[in-house]
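Here is a short walk through one protein chain. Keep the view open and follow each stop in turn.

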Amino acid sequence: MLKTKMFVSFSIVSLVIVGITCGIFYQKYTNDIQQQSLRLSSIISKQYSDMVDLYLQSIEELSLSVSISPAVQSNLLEYERAEAPLDKEIIDYKLSPYLFDFSYPKPYIHSISIHTLDGYMYAYSKDMETKFVPPYTLEELERFDEMLENKAFFLHSYSARERAKVPPERLVSFIRRIHRIPTQQTIGHVVININVNAFERLALPKMNDDQYDGAMTILLVDDRGEIIYDNTGGNEGLLFETMRTESGRSAGELRWKELPYFYTKETSAYTGWDTVVLLPKDVVLYKQEYIRDIIVVAGIAAMVIVAAVSYTLSHQITMPLRHLIRNMSRVELGDFTRRMEYTGNNEFGKLSRVYNHMLDSITRLIREVYESKLAEKNAQLAALQAQINPHFLYNTLNTMKSISRLRGIEEVAEISESLASLFQYSMKRMSQPVRLQDEMEHVSHYFNIQQHRFGNRLTLQPNVPETLQGAAVLKLTLQPIVENAVNHGLARMKSGGLIVIDAQESEGTLILQVSDNGAGLDAERLRSLRNGLEAAAEWQGLREDGGGIGLANIHQRIQLYFGKEYGITVNSTLGAGTTVRIAIPARFTEG
């Protein structure tokens with residue numbers, strides 16, 4: 001039943017719309033949350049990386065101060081001259097106060113050491129219990145020296161437990177050459193060891209969500225992929241293998257320690273280290289799950305409401321329709337007296353009024369059609385009685401032609417022959433296209449008759465390429481235009497009247513152009529003619545005197561047969577002539 005179909009259709013469409021809307025809203029909301037989280041973590045990684053760079057730049061300034069210190073320069077020179085071990089120990093006592101002065105004001109410095117080229121070390125450490133200073137072998141120093149060929153400093157990270165049995169402590173060594181002033185000869189290396197716990201003292205920008213702050217992990221990863229610093233602790237010294245598969249990307253998703261994370265990465269151009277910010281995916285998606293539950297509840301409520309509204313509407317729509325169907329069934333049986341009883345101005349009230357008016361119109365039209373059929377029969381009889389048989393005219397003209405030639409009146413014979421050809425051409429296939437060659441022959445017959453009237457005052461100049469002779473045109477397309485040119489443009493000329501017919505093909509369109517050098521049209525008459533072609537309504541004013549086929553008739557036939565994009569355009573200048581341009585599809589026919 002219609003009621004059931006409407007209810008089911010309304011419900012399905014509405015449910016689909018509600019479902020799509022909820023899905024789009026949920027997808028957009030979750031994407032916004034993810035993008036916002038990634039943008040915030042990207043800001044944090046960038047700011048933290050900048051702070052680490054500033055921090056290490058201060059260490060670089062300190063290393064430069066140590067390397068150019070006069071005390072360091074002079075004591076290293078004495079070391080080169082010293083031969084006895086006691087002399088080298090004395091240098092240690094001399095350097096220690098200076099190294100203490102450099103390191104003591106800096107709470108983040110663990111130790112400072114001076115390494116000679118032969119591997120001897122002078123050091124000061126703030127670790128008062130163990131006095132631990134990471135030693136470097138001569139091979140390591142030579143390897144570091146190769147790395148310092150193209151840069152001013154080198155960063156090396158390792159665990160203190162790797163080199164001595166002391167409590168685990170992560171250190172970063174800032175290594176720099178010491179050049180003799182002013183020769184710039186390398187005379188040793190300065191190593192400043194920094195406790196990575198100093199990175200905790202860097203102020204971190206806080207996110208707006210405390211939940212993110214508690215779950216966020218910040219990692220400093222060196223160029224070997226080793227974790228230098230982890231704000232949550234416990235991962236220093238491990239390789240951050242995941243970043244190898246995510247290289248080149250600054251943000252995205254990854255799995256680390258079997259857990260999914262959103263990450264952002266900022267690579268420092270100063271140190272080459274990566275600052276990685278990790279946000280657990282389940283923390284980010286917590287809000288998505290909350291909004292998902294809200295959307296589901298709202299969607300179910302909307303679906304229930306939509307179903308109830310759909311049922312009510314379908315009932316209200318189908319009830320008056322059923323009443324209308326009953327009345328229409330009576331009309332089908334021939335009872336035109338049944339009328340709808342309606343009240344109100346809604347759609348059903350209007351439908352009822354239209355139905356009643358329709359029955360009144362049907363009753364009236366039945367009577368009018370019956371009467372018009374009788375009138376049409378009478379008119380056809382009158383037309384048949386008044387019609388002259390074209391075949392009779394054609395045969396009569398041929399008889400006139402034969403008699404004229406027998407009696408030597410050649411001019412009358414030529415006119416009769418041309419006129420007979422005109423009648424014969426007009427009687428065949430009026431609704432079908434003909435070849436352009438046939439249409440031009442018809443124009444030639446017409447102009448032959450006009451030359452007997454005007455003599456040498458008129459000239460016809462056809463310019464139709466051989467390749468276009470077989471183009472298909474509607475019958476009686478060119479001759480009426482030539483006739484208009486003769487009667488309206490050239491009839492009053494004493495001599496020199498010229499009509500030019502051009503044909504050309506351009507991009508699949510056949511362009512026919514009939515031009516004359518006659519009287520032309522003024523601007524007002526030309527505008528009226530163009531409006532008549534545009535409207536294609538009051539075309540009687542465009543016909544030549546005495547009746548016939550006018551421009552609007554040709555224009556209408558072309559558009560009806562070929563389409564609205566084709567037809568006639570007219571250009572004219574008063575005293576300079578008129579040009580009629582015909583555009584039709586370039587099609588070809590055999591005959």
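**Charged pairs, a surface patch and a sheet**

The side chains of D438 and R435 form a salt bridge, with 3.1 Å from N to O. Bear in mind that this is a predicted model. The two partners differ in their cover. D438 counts as buried, because its relative accessibility is 18% and the limit for buried is under 20%. R435 has a relative accessible area of 21%, so R435 is partly exposed. In general, side chains of opposite charge can pair when their charged atoms come close.

How many salt bridges are there by this rule? The count comes to 6. Two others involve helix α2, and they come next.

Go to K94 and E78. Their side chains meet in a salt bridge, at 3.1 Å from N to O. K94 sits in helix α3 (residues 85-103) and E78 in helix α2 (residues 70-81), so this pair ties together parts that lie 16 residues apart in sequence. K94 is partly exposed, with a relative accessible area of 37%. E78 also counts as partly exposed, at 32% relative accessibility.

Now find E80. Its side chain meets that of R180 in a salt bridge of 2.6 Å, N to O. This pair links distant parts of the chain. E80 belongs to helix α2, while R180 is in the loop between β4 (170-179) and β5 (186-195). The two residues are 100 residues apart. E80 is partly exposed, and its relative accessible area is 43%.

Leave the charges and turn to a nonpolar feature. V8, I12, V16, I20 and I24 make up a nonpolar patch on the surface. Together they have about 440 Å² of accessible area. V8 is part of helix α1 (residues 2-67). With a relative accessible area of 37%, V8 is partly exposed.

The last stop is a sheet. In which order do the strands of this open sheet run? The order is β7-β6-β10-β9-β8, which makes 5 strands with antiparallel pairing. The edge strands are β7 (227-230) and β8 (251-256), and each pairs on one side only. On average, neighbouring strands of this sheet are turned by 30° against each other, direction ignored.

Strands of a sheet pair through backbone hydrogen bonds, either parallel or antiparallel. Look at one pairing here. Strand β6 (residues 217-221) pairs with β7 in the antiparallel sense, over 3 bridges. L219 has D230, in β7, as its bridge partner.

Note on methods:
Residues numbered from 1 in each chain as written. Predicted model: local features only at pLDDT ≥ 70, side-chain atom pairs only at ≥ 80, totals over all residues. Heavy atoms only, no water. Salt bridge = Lys/Arg side-chain N within 4 Å of Asp/Glu carboxyl O. Helix = DSSP H or I, 4+ residues; strand = E, 2+ residues; numbered from the N terminus. Buried < 20%, exposed > 50% of the residue type's maximum accessible area, 1.4 Å probe, protein only. Patch = residues over 30% accessible without salt bridge, like charges linked within 9 Å, V, L, I, M, F, W, Y side chains within 5 Å. Areas by Shrake-Rupley, 256 points an atom, 1.4 Å probe, with all protein chains shown as cover. Pairing = 2+ DSSP bridges. Axes fitted to C-alpha atoms, helices over the stretch in contact; angles between N-to-C directions.
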